[in-house]
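Visitor: Hi, could you walk me through this one? I'd like to hear about confidence and then helix packing.

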Amino acid sequence: STELTSVFKHILPLARNALSVYRVHTLTRIVDALACLSAERVGIDPSIWYSDSKFDGSRPHRGMIDSAHIMRCVLQGSRRACGGGGDCKAIDDDDSKKRKDEDVGQVSDMIQSVRSVPQYHGPAVDAIKGACKVLELECNCISLQDSSSGHDNTVMNLAATNAMDATIILLQGCVSRTNNESLDDAVIISNNNNNNNQKNCTESMEHYASLLEQKLYQECATNIDYINEETKIAFELAKKKADEKAARAAAHTTPKTPANSEDEFKGMTEAQKAKILKKRAQKEAKAAKKAAAKKGASSSSSSSSPFSSGTMQIIQVLSEIQGGAQSSTTTTNNTIPSSISSSPTYPFFTPIV
């Protein structure tokens, strides 16, 4: 009976908390990469908001530095997120005006949450990593034969509470980035934080781990739809411009005099004719090669995606994980697709080992 009491009072709660915290820890490995998709959608300049001088120099917290570094690397070269030399693609005119104002109080919550991703991702991820280490050590200290040692749940409760607080921060940031105002599941935070009951803490940790996974998937689906649609529009626009340029070039082309005209070679010897034809053929081949190279270069640059290569690689990986099926374009910020909500697992978030 003593061993069973130890199992129900300490071992099972510890196991449940450890699994939930590790589940969130698995998600923290991809939260920065997924937030980059929101930065592309909103149009955040990484050279300003995620710069090394902003974090490495003036606020050198390890987690913040790592998060900002990931954001800079993924968004490098993006024409949509301003860092690649292009202009910010505003969601609407009001947001365009708000972005020009550096006063944080005058921008929307969504824009501000995307701008400050490293500031809350960094410390939250650090806290979850620390909780994982504590719970791992605590699990290795458990022994049924040592049930009378008087071990209590203080270590487990502190680690689980810290991890839950960090999970809530990640959850609030994810909801803000998608501009989702329906916080029905996430607003219950204060009640759970003020309740020190061990059972409620364990259940809350499991609840927020599942909710974070759902909200990240929803944010991911929204961003994939946006990026795919914008890439398609950019490709069609580039193709249209290339066709118009080719039509203008064809309209200004003047017909050439036939190379084998009899009057052209009148009075010339056969050797002179052969020499002229050979040089002409060389010039035409050189001109054709140059035109082909120029056309290839212009076509590749004009049809390139307005998003960074890092962003497109993330989209490719997510599409492969999803089995090549694109997310529904009818997905809204306030609705989780039935294919997501009806499934107990989320294919985008396969555990990373």
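Guide: pLDDT is the predictor's confidence in each residue, from 0 to 100. This is a predicted model, so to speak of local features we need pLDDT of at least 70, side-chain atom pairs count only at pLDDT 80 or more, and totals for chains, interfaces and linings use all residues. Residues are numbered from 1 along each chain as its sequence is written, and side-chain values use heavy atoms, with hydrogens and water left out.

Visitor: What does the chain average in pLDDT?

Guide: The average is 75, and 67% of the residues score at least 70.

Visitor: Which elements have the lowest and the highest mean pLDDT?

Guide: Helix α14 (residues 338–341) has the lowest, at 33, and helix α8 (residues 117–140) the highest, at 94. Helices here are DSSP runs of H or I with at least four residues, strands are E runs of at least two, and both are numbered from the N terminus.

Visitor: Where does pLDDT stay under 50?

Guide: One such stretch is residues 324–353, with 55 contacts beyond four places in sequence in the model. Residues 299–303 also stay under 50, with 3 contacts of that kind. Contact means heavy atoms within 4.5 Å. Where pLDDT is low, the predicted coordinates should not be read in detail.

Visitor: OK, packing. How do α5 and α8 cross?

Guide: The axes of α5 (residues 62–75) and α8 come within 7 Å and cross at roughly 125 degrees. Axes are lines fitted to C-alpha atoms, for helices over the stretch in contact, and angles run from 0 to 180 degrees between N-to-C directions. The two helices are therefore oblique to each other; under 35 degrees counts as roughly parallel, over 145 as roughly antiparallel, 65 to 115 as roughly perpendicular and the rest as oblique.

Visitor: Which residues make the contact?

Guide: On α5, R62, G63, M64, S67, A68 and M71; on α8, V117, P118, Q119, H121, G122, P123 and D126. They divide into 6 nonpolar, 5 polar and 2 charged. Ala, Val, Leu, Ile, Met, Phe, Trp, Tyr, Cys and Pro count as nonpolar, Asp, Glu, Lys and Arg as charged, and the others, Gly among them, as polar.

Visitor: And what about α2 and α8?

Guide: The axes of α2 (residues 31–42) and α8 come within 11 Å and cross at roughly 165 degrees. That makes α2 roughly antiparallel to α8. V31, D32 and A35 in α2 meet V117, H121 and V125 in α8.

Visitor: What does α2 do with α13?

Guide: Their axes come within 10 Å and cross at roughly 120 degrees, so α2 and α13 are oblique to each other. A33, L34, L37 and E40 in α2 meet T311, I314, I315 and L318 in α13. This contact has 6 nonpolar residues, 1 polar and 1 charged.

Visitor: Changing topic, how many aromatic pairs are there?

Guide: A search of the whole structure finds 1. Y226 and F307 have ring centres 6.3 Å apart and planes at 70 degrees, so the pair is edge-to-face. Rings of Phe, Tyr and Trp (its six-membered ring) pair if their centres lie within 6.5 Å; planes under 30 degrees apart count as stacked, over 60 as edge-to-face and the rest as tilted.

Visitor: Where do Y226 and F307 lie?

Guide: Y226 lies in helix α11 (residues 198–251) and F307 in the loop between α12 (270–302) and α13 (309–321), so the pair ties together parts that are 81 residues apart in sequence.
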